[in-house]
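My notes follow the structure.

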Amino acid sequence: MPGRRRSGKRRAVSRNILRTVLFLPALSAYLARMSAHDDTTAAIPLSQRAMAGQGAPYLDDLNPAQRLAVETLDGPVLMLAGAGTGKTKALTARIAHLMTTGRARPNEILAVTFTNKAAREMRDRIGRSMGQTVEGMPWLGTFHAICVKLLRRHAELIGLKSNFTILDTDDQLRLMKQLILAENIDEKRWPPRMLAGIIDNWKNRAWTPASVPAAEAGAFNNRGTELYDYYQQRLKTLNAVDFGDLLLHMVTIFQTQPDVLAQYQRWFKYILVDEYQDTNVAQYLWLRLLAQGHRNICCVGDDDQSIYGWRGAEVGNILRFEKDFPGAHVVRLEQNYRSTPHILAAASGVIDANQGRLGKTLWTAEQEGEKVRLIGHWDGDEEARWIGDEIEALQKGTRGLDPLGLDGMAILVRASHQMRAFEDRFLTIGLPYRVIGGPRFYERMEIRDAMAYFRLAVSPDDDLAFERIVNTPKRGLGDKAQQAIQRAARDNGTTLVDGARILLADKGLGGKGGAELRVLVDAIGRWNDAVRRGGNHIELAETILEESGYTAHWQNDKTPEAPGRLENLKELVKALESFENLQGFLEHVALIMDNAGEAEGEKVSVMTLHAAKGLEFPAVFLPGWEDGLFPSQRSMDESGLKGLEEERRLAYVGITRAETLATISFAANRRVYGQWQSSLPSRFIDELPADHVEVLTPPGLYGGGYGAAGMAASASPAIMAVQASDLHDKASRADVYNSPGWKRLQARSSARGMSQPRESRHMVIDADAVSSFTTDDRVFHTKFGYGTVTAVEGDKLEVAFEKAGTKKVVGKFLVAAEQAGDVPF
DNA sequence: TGCGGTGAATTTTTT
DNA sequence: ATTCACCGCA
């Protein structure tokens with residue numbers, strides 16, 4: 001317990017907190033563990049070796065920069081750690097160092113991460129570097145996990161009970177929807193999702209309903225702050241918080257209760273923060289408040305890898321560090337242990353284009369290696385086909401590289417819809433793959449439903465849980481019945497379950513629905529008793545799923561997903577084994593939304609660039625480098641230069657995931673939302689330093705068989721002028737090579753004496769002949785044939801093709817119809 | 001209440 | 001193209 005053995009004013013504070021806390025059974029168990037930590041900690045023999053400053057095993061294999069980062073213990077430290085520079089190693093060594101030198105006991109160190117995975121890894125590695133299992137480090141965890149711990153102690157300060165529930169996104173949305181309905185707001189124009197997004201945003205910036213700036217209050221039809229206030233009130237009534245509240249409430253408490261803050265400021269002698277570039281304002285304030293005690297805060301991060309601006313992360317936090325913490329030591333980790341020089345040079349070349357960086361230059365002691373490979377394709381399917389072939393080739397071992405396992409290869413895409421082409425292709429050629437990301441275990445419908453039943457069993461006053469499952473499985477309790485229950489509850493000032501009981505007692509609901517509701521309500525009562533009695537919680541969980549009819553519901557379901565869902569439910573019950581009771585399980589799960597067990601076996605990984613942060617692979621494929629897709633048009637539209645720079649950092653993250661081989665590719669045409677779209681190569685491709693890039697020629701160019709690539713192509717004299725044979729194919733490709741991106745590439749390659757793509761000699765339609773078009777112009781496209789321009793948006797044109805329908809096409813791919821030999825009408 | 005048809009939207013994701 | 005929410009009808 002922080003401050004427990006300290007004297008003076010603080011002691012009174014602590015007693016106060018103790019008193020509050022001891023009345024809560026769940027927390028007294030926790031307290032017992034905490035004091036155990038205190039004892040264990042005191043009992044840990046401090047390493048004499050390390051005290052003498054020599055021979056500490058965790059210091060031995062650090063490079064000078066890392067060592068500096070580990071040994072600069074006093075005052076604020078910013079550890080700027082580039083990709084692959086041994087950041088986690090330095091961080092964990094620092095913690096080990098703090099403990100072995102006796103600077104702090106494990107429970108006086110606050111170490112914060114963003115993900116549970118990172119927290120777990122850090123815990124493991126600290127244990128390893130100390131050569132023993134360290135008991136304690138109760139304050140190593142995610143921002144959210146640590147805030148839950150703190151908030152349970154001090155909940156009463158903001159009008160919550162210590163056993164508050166943490167809502168998931170589903171519950172949150174359901175609440176928002178109720179609010180919007182209750183306020184007679186048009187759901188269509190102002191969807192609950194939007195309100196949720198706005199409120200989330202405000203919470204990320206640590207704004208309470210009262211402190212939302214006037215300039216922002218215009219949100220949601222001028223009723224944003226009002227609804228935010230209602231929402232917060234509703235949460236309080238439900239004794240619930242959402243994820244954003246965990247931080248927000250703690251910041252509020254720290255700001256309004258100086259004695260509470262002071263207690264933790266004194267307790268946390270050392271603070272460490274991982275991925276500091278991802279912190280939002282609320283997290284930043286929280287940290288700054290806590291760090292004002294001992295001022296020993298060490299933030300680790302990389303401004304070049306800040307890719308979560310869209311969810312509230314403020315790169316500014318890391319850029320401002322030296323101002324925020326005067327006298328800060330800045331340590332740069334720049335020696336990279338992951339990638340070849342070419343890969344690092346390519347990544348540096350791209351990120352150089354960003355403004356306002358703190359500036360780092362990665363270097364490596366390695367000498368040799370492959371250049372970054374770059375290849376353009378006709379369309380997304382060909383790109384997927386080519387990458388599939390490459391993966392098989394790498395497996396066998398090509399280009400003088402040792403054979404690579406599939407686990408060593410990854411495809412990193414900008415948007416998840418890009419994954420489909422790869423999944424399709426890999427399924428047809430029988431290449432094992434694994435998609436990382438996607439819906440997590442605890443986010444799946446069946447898991448949430450089951451959890452709602454468990455929540456009701458533990459606390460029958462959980463109205464949101466009741467709402468979720470009252471008619472799942474179907475019990476004939478539709479809108480009308482549910483409204484009746486709500487009314488009964490409201491009129492009697494009770495929970496929904498009790499409201500249902502009253503309704504039934506008053507014979508307010510008859511028929512099949514009434515009977516079913518009776519069964520449900522009675523069952524909930526029995527489960528509550530069972531929970532109160534204690535007993536085997538696993539059996540109880542099974543009983544609940546059985547009696548509720550939930551298992552049967554999926555057994556009777558004949559959709560292809562049903563067996564998988566039953567499987568997941570079994571998993572869920574199995575997961576209960578590592579907990580003492582349902583309460584403990586529910587508490588845990590609210591914060592650990594991890595993916596259940598990674599599938600094993602040699603597989604290629606497919607994931608988004610965001611999901612790839614922190615990972616590394618010998619071979620990395622980066623497909624879809626086309627303007628509009630990557631950088632994402634939406635990102636640029638919404639956030640302008642800031643958005644573009646974040647996209648560029650994403651490119652940097654992508655390239656730096658590769659150890660030995662990075663392959664970037666783009667496609668001239670791609671189906672997006674069922675429509676063909678053609679695009680230009682990504683502007684990031686221009687930023688790749690030519691010296692470190694090898695431009696590959698697609699194999700299809702030398703006579704690959706692509707059947708009906710063009711539609712009306714053969715009718716065009718312009719195409720006829722290309723070469724006689726392999727008409728469609730070459731015409732299509734001519735377009736690819738006519739794009740500005742390719743021209744730039746060719747210019748660069750030929751300047752260095754590299755061979756040009758063969759087709760460039762056959763170019764008939766040169767760039768000068770391709771002018772811009774306006775609405776109603778007749779145009780020709782080699783794949784889609786003749787059409788009429790219907791709209792112009794920047795360099796993209798919407799064209800109504802006669803045979804291929806309406807498409808969006810880049811103007812550069814179009815030829816004036818007359819020029820292509822079209823006879824109007 | 002429940003099914004099937006129609007229309008609109010569609011980046012990135014942790015806790 | 002595909003999903004998802006909503007509406008109208010049985």
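I first listed the 26 residues around DNA strand B, of which S416, R440, G478, T608 and R634 come nearest; a residue counts as near if one of its heavy atoms lies within 4 Å of the strand. The model is predicted, so I note that local features need pLDDT of at least 70, that side-chain atom pairs count only at pLDDT 80 or more, and that totals for chains, interfaces and linings use all residues. Residues are numbered from 1 along each chain as its sequence is written, chains are lettered from A and ligands numbered from 1 in the order in which they are written, and side-chain values use heavy atoms, with hydrogens and water left out.

I then turned to the strand's own atoms. Sugar or phosphate accounts for 57% of the atoms of DNA strand B within 4 Å of the protein, and bases for the rest.

I looked up polar contacts, meaning pairs of N or O atoms within 3.5 Å. A polar backbone atom of N116 is 2.8 Å from a phosphate oxygen of DNA strand B. An N or O atom in the side chain of R414 is 2.5 Å from a base oxygen of DNA strand B.

I next consulted the annotation. An unreviewed UniProt entry places a "binding site" at A81, G82, A83, G84, T85, G86, K87 and T88; such annotations may be inferred rather than shown by experiment.

I located A81 in strand β1 (residues 77–81), a strand being a DSSP run of E of at least two residues. T88 is in helix α6 (residues 87–100), a helix being a run of H or I of at least four residues.

Notes
Polar contact = N/O pair within 3.5 Å; in protein donor to acceptor, adjacent residues only side chain to side chain.
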